[in-house]
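Please look over the sequence and the structure shown here before reading the report.

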Amino acid sequence: MIRVSNLKKKYDAVEALKGISFSIAEGEFYGLLGPNGAGKSTTISILSTILEPTEGEVSIAGYDLKQNPVECKKTIGVVPQEIALYNEMSAYDNLLFWGSLYGVGKAELQKRIDEILPMFGLYDRRNDKVKTYSGGMKRRINIASALLHQPRVLFMDEPTVGIDPQSRNLIFEVVEKLHRNGMTIVYTTHYMEEAERFCDRIGIIDNGQIIAQGTLDELRKSSMIKETIVIGFTNLTDELFEKIKTAWHDVKRMDQVVHFFSPNSKNDLSKIILNCNEAGLDVAHIEIQKINLETIFLNLTGKQLRD
Amino acid sequence: MMLTFLLPITLITLFAFAFGGAGKGKNEVTEYNLPVCDLDSTTASRAAIAALDSDKTVHVVIVQLAPAQEDVKKGNKDCVLIFHKGFADSLTNGSPMPVELQYDEAQEIQVGMLQKALFTTLAMVPYQDGKNAQRMLNKQFDKMIGKDNDQLKNQVRTQFDTLFKSVEKGVDQNPHKNVEKISLGSEIKMTKLVQANEENSPGLIQAVAGTAIMMLLFSVAGMGASLLDEKQEGTLKKLLYSPMNPNSILFGKMMMANIISIMQLTIMFIYVQLFFGLDLISHIPSLVLMIVFTAYACSSFGVFLASFAKSRQQVQGFSTLIVLIMSCIGGSMIPVFLMPGFMQKISVLSVNYWGIQGFYDIFWRKLALTDTTFLSRLLVLFVIGSTLNLVALKMFKKNILRIA
């Protein structure tokens, strides 16, 4: 559905994108992760046709972005990070306006608005001015306005930033429904749990380059990160720690706490506990740190995602 | 900073030039281009015209009568001075000189200032020849003292003979010397070629046209700034995601600014008709055209300003400064005819000037819709509007569309 090849973007001396390539299949949920300034928004802006690339090829639904920008625009829906609505207009009128820009007939548009508003839990407030809405409600209308022309591809740029749990859950439900219905979704987020929950594949972008991409499992494997079993003791001495080190080479001590690094924590946990008992160590607490996107990201980029 | 210091300083400077005679040396006078039509075409009339031309405040431009009268009617000239046939004869027989100043009543102040120079110079003409002067004096005495009072007449005549002899010497050396003391007998017939009626006084036209255009410029600057609001609020970016052409976003804004401008001007004129009796009904086609073209030029100015600015605050700052300056030089605050020559020349650079003159054409000069002067004002407004729109379009693409 989307094919990006050697995409570059330069702003004077600054190279925002350094030749990224990826492709997204029809119906796929693709997550684009990266810290601020990594190049996510530049990529989304190019794919959504409002920014011209310096170099590279992009095609969406078979349309070349340079040759057929209008066709590309008709194919995509964009949910921008900022809430872009007319506050003095009602939610209904906003939807009517934004939908009309895509050439949807008025009757058809009204029908779609009547269908979409209940999905976002805003049907009863449809005639209220947007300025009277909470941040979460505005964000829901912001998303709804990108769906009226029934796009085949949806770009969502951090759609859940700064909203209440109720709105977030509603958005999650809608996003999952859209995905189930076969829509191709490109999703950028700072929230790892969202990426882990929704994304079929994830691309990690940093410093204008995609440094890793694949499914979560593929990323786990390729990152070579080990899971961590963290055990706190009450009687750990230097002598006892030496004994542990003899049995488990990949360990790190922090006072009475020892980090055991393991490729498979589930298999190794019982063996470690047994060794500790044999060495005469009293266990105070145990914690297993699984590999998640946060750790993969940290491992790959050396940065927290929200840096 | 700009509004606190720069704007007041700029306005003080402009008002000082307009009212205070700033920019002139102590003895420097502004020369007035006076259209003169010599229907007499005699040595005497030419000598009188030459005398006028030698006045520091007047520069004579010889013209044909009909086109000159047309120019006055169309507002291109304030007045025309006519030396009628019989001018030379009037000097020889001592009758009043057949000299007429035909003028536009709306330019009364300018014409009034000119009158002084005309009277003082023309008053000297009969006295440049001794015999003519004697005859002229005799006529004046008869008029002033009465034909039958011979005793008094002879006394006065003796005194004047003495006085005239001394003056004649002075006149030979300098025709303008002692002019004030002997400017007797010469009269210029004053004729209003364009004059006020009850409904359409120049003051009323100046008030409505000047104020309406100035206020319109302020409001269109705000309308143009709505583009920047859209940029700030993200709706512009969202509009650009849609399949419509980016240029149509700007055209949409221009169209909206146009429609509101037309409505604003229309309402202002209707208000002046209802409350001050300005006669709109007789001029509807011309008025509609002038409102549409003025609105077009003004709204383009608003979009033009916005295309350069980065924020609404910047537009507001710039627009206040530019609109006030344009209104000042363009005739919204001070009628153009009151301004010094160089300011009158630069006033054509403002939208206000062309709009105000257009409304004068309609209500004051009562020019026909097909009149070339009226049409040329529409053309200028159209060219101003289109040029500003083209620049705005270019700047819009360069500044405003660069949003990602």
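## Basis

This is a predicted model, in which local features need pLDDT of at least 70 and side-chain atom pairs count only at pLDDT 80 or more, while totals for chains, interfaces and linings use all residues. Residues are numbered from 1 along each chain as its sequence is written, chains are lettered from A and ligands numbered from 1 in the order in which they are written, and side-chain values use heavy atoms, with hydrogens and water left out.

## Helices H9 and H11 of chain B

Helices H9 (residues 202-233) and H11 (residues 246-276) of chain B have axes 9 Å apart and pack at an angle of about 155°. Helices (H or I, at least four residues) and strands (E, at least two) are DSSP runs, numbered from the N terminus. Axes are lines fitted to C-alpha atoms, for helices over the stretch in contact, and angles run from 0 to 180 degrees between N-to-C directions.

H9(B) and H11(B) are therefore roughly antiparallel; angles under 35 degrees count as roughly parallel, over 145 as roughly antiparallel, 65 to 115 as roughly perpendicular and the rest as oblique. By class, their contact has 17 nonpolar, four polar and two charged residues. Here Ala, Val, Leu, Ile, Met, Phe, Trp, Tyr, Cys and Pro count as nonpolar, Asp, Glu, Lys and Arg as charged, and the others, Gly among them, as polar.

## Helices H8 and H11 of chain A

In chain A, the axes of H8 (residues 216-223) and H11 (residues 293-301) come within 10 Å and cross at roughly 45°. H8(A) and H11(A) are therefore oblique to each other. Leu216(A), Leu219(A), Arg220(A) and Ser223(A) of H8(A) meet Leu293(A), Ile296(A) and Asn299(A) of H11(A), where contact means heavy atoms within 4.5 Å. These residues divide into four nonpolar, two polar and one charged.

## A covered helix

Nine of the 10 residues of helix H5 (residues 135-144) of chain A are buried, meaning under 20% relative accessible area, with exposed over 50% and partly exposed in between (1.4 Å probe, protein chains only). Among the elements covering them are strand E6 (76-79) of chain A and helix H10 (235-241) of chain B.

## Nonpolar cores

A nonpolar core is a set of buried Ala, Val, Leu, Ile, Met, Phe, Trp, Tyr and Cys residues joined through side-chain atoms within 4.5 Å. The largest has 92 residues, and Phe155(A) and Leu293(A) are among those that touch the most other members. Apart from it lies another core of 59 residues, including Ile205(B) and Phe363(B).
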